Amino acid sequence: MKQRKAFTLIELLVVIAIISVLAAILFPVFAQAREKARQASCMSNLRQFGLALAQYVQDYDERLPDRRDLKTNLPGGYRPWTTWPPSDPRAGWAIVTLDPYVKNSGIYACPSVKGSLLGSAGQVAQPVTAQPDAPTSYYWTWRFDRPDDPVPLDDFWGKTDQQCVDDLRAAKNPQAGIPEGVADVEMAVDPYFPRTIPTTPPALRGKSVHFGGRNRLLLDGHVKYLRDARTE
C-alpha cells in the first residue's frame, strides 16, 4: 500500500508564520492605498462644491451667498458646543443654498469621515433637517462661520471675490493669513482638531480626516492638500 503524504505540524506553523509576516507588511500598505483613494474622492467632492459656488456667484451679481439665517435656524442652532472651535464653521447652509446647482448631497462628506470619530462629533456633522436621513454636511467653511450683523471682515457672506481678499487682508486674522489673491483664500476644508489648542476636546485633540493634514477648497476653485503637524 502507498503511504499518503501530509504536512507536518512544523510545516503548517511555518506557513502560518510566513502568512502572518506578509499580512503585517501588506495591511498598512493596503490601508494607505485605500486612504489615498478616499482622499482623491474627497478632493473631487470639494471641486464640485467649488463649481456649485461659482455657478451661484454667476447668477447672483458676482456675490457669494448670504445665508446667515441658516447659521441659527438649522437643527441644533448656532455652535451647540462650549469647546473649540470658538465659532460654527459647519456647512449645512451650503446644502440648502446650492441645491439648485448640485443635487447630490453626498459631495458634502469626505468618504473617510462618515462612521469615524470625527463624523459623530457635534462640531462636524450638520444635518439640514431633524429627520434621521436628512442630508448632512461634514465639511467646514471658516469664512462663513458667524451670523454677525454687520458681516465681519473675515467672513464672506454676500461679498465679491475681490472684497473677500481685501477684507481678509484688513482683518489680519492670524489663522487665515494675509492672502495675495483668490488662490490663497480658503473656502471649505476637512474638519481638524489641533492638538496645540487647550480647549480642543480631549477625545478629538490632534484628529483630522486625513493623516497629518486636510484637503482645502480655495476661492479660485482649485483644491489642494495641506499638511498640518498639529494633527495626526
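Two strands count as paired if DSSP finds at least two bridges between them. Strands here are DSSP runs of E with at least two residues, numbered from the N terminus.

With that in hand, let's look at the sheet. What you're viewing is a predicted model, where local features need pLDDT of at least 70, side-chain atom pairs count only at pLDDT 80 or more, and totals for chains, interfaces and linings use all residues. Residues are numbered from 1 along each chain as its sequence is written, and side-chain values use heavy atoms, with hydrogens and water left out.

Find the open sheet of 3 strands: the order is S3-S4-S5, and the pairing is antiparallel. On the edges sit strand S3 (186–189) and strand S5 (223–227), each pairing on one side only. From one strand to the next, the twist averages 40°, an angle between N-to-C directions of lines fitted to C-alpha atoms, on a scale from 0 to 180 degrees. Strands of a sheet pair through backbone hydrogen bonds, either parallel or antiparallel. Now zoom in on strand S4 (residues 213–218), which is joined to S5 by 5 bridges. Across from Gly213 you'll find Arg227 in S5.

Next, the cysteines. A disulfide is a pair of cysteine sulfur atoms within 2.5 Å, and by this rule the count is 0. Cys42 isn't in one: the nearest cysteine sulfur belongs to Cys110, 3.7 Å away. How exposed or buried is Cys42? Its relative accessible area is 0%, so Cys42 is buried (under 20% relative accessible area; over 50% would be exposed, in between partly exposed, using a 1.4 Å probe and protein chains only). Cys110 counts as buried too, because its relative accessibility is 2%.

Notes: Helices (H or I, at least four residues) and strands (E, at least two) are DSSP runs, numbered from the N terminus.
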